[in-house]
Amino acid sequence: MNKPDFTKINPCGGCCDDCGYKKSGECKGCREVEGKCVKLLSDGCAIYKCCEEHNAYFCGVCSEYPCEWIKNKIAEWDKDGLERLTRLKYEYHEVKQCE
């Protein structure tokens, strides 16, 4: 299995490459617009803000992961979100150890 390209991983653990809003040019991508995709989250992504506050590249590498807040927040829209974040956390640490 290929390792993910962590330059494309968003704070929530997702990737904007397949997003219709990005493909249509309506959004440049989560990191590029600092979590403020007008079509999806006009007031900004709470996960993006939280990662900034905790100085975490993405949620899975936050020192408080998995906090109750993310367990509840990500469950609202992504049933596999915690599983993906946990997998990315371990893959991220493997990549960093090899650098």
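Me: Which residues touch the most other members of the largest nonpolar core?

Reply: In soluble globular proteins, nonpolar side chains tend to be buried together. A nonpolar core here is a set of buried Ala, Val, Leu, Ile, Met, Phe, Trp, Tyr and Cys residues joined through side-chain atoms within 4.5 Å. Buried means under 20% relative accessible area, exposed over 50%, and partly exposed in between (1.4 Å probe, protein chains only). In this case the largest core has 19 residues, and F6, I47, F58, C59, Y65, I70 and L85 touch the most other members. The elements giving two or more residues to this core are α2 (46-53), α3 (68-75) and α4 (81-98); helices are DSSP runs of H or I, at least four residues, numbered from the N terminus.

This is a predicted model: local features need pLDDT of at least 70, side-chain atom pairs count only at pLDDT 80 or more, and totals for chains, interfaces and linings use all residues. Residues are numbered from 1 along each chain as its sequence is written, and side-chain values use heavy atoms, leaving out hydrogens and water.

Me: What is C59 in contact with, beyond its neighbours within four places in sequence?

Reply: Contact means heavy atoms within 4.5 Å. On that basis C59 meets P11, C51, Y65, I70 and L85.

Me: How many disulfides does a search of the whole structure find?

Reply: A disulfide is a covalent bond between the sulfur atoms of two cysteines; the cut-off is sulfur atoms within 2.5 Å. The search finds 0. For C12, the closest cysteine sulfur, in C45, is 6.3 Å away, so that is too far for a bond.
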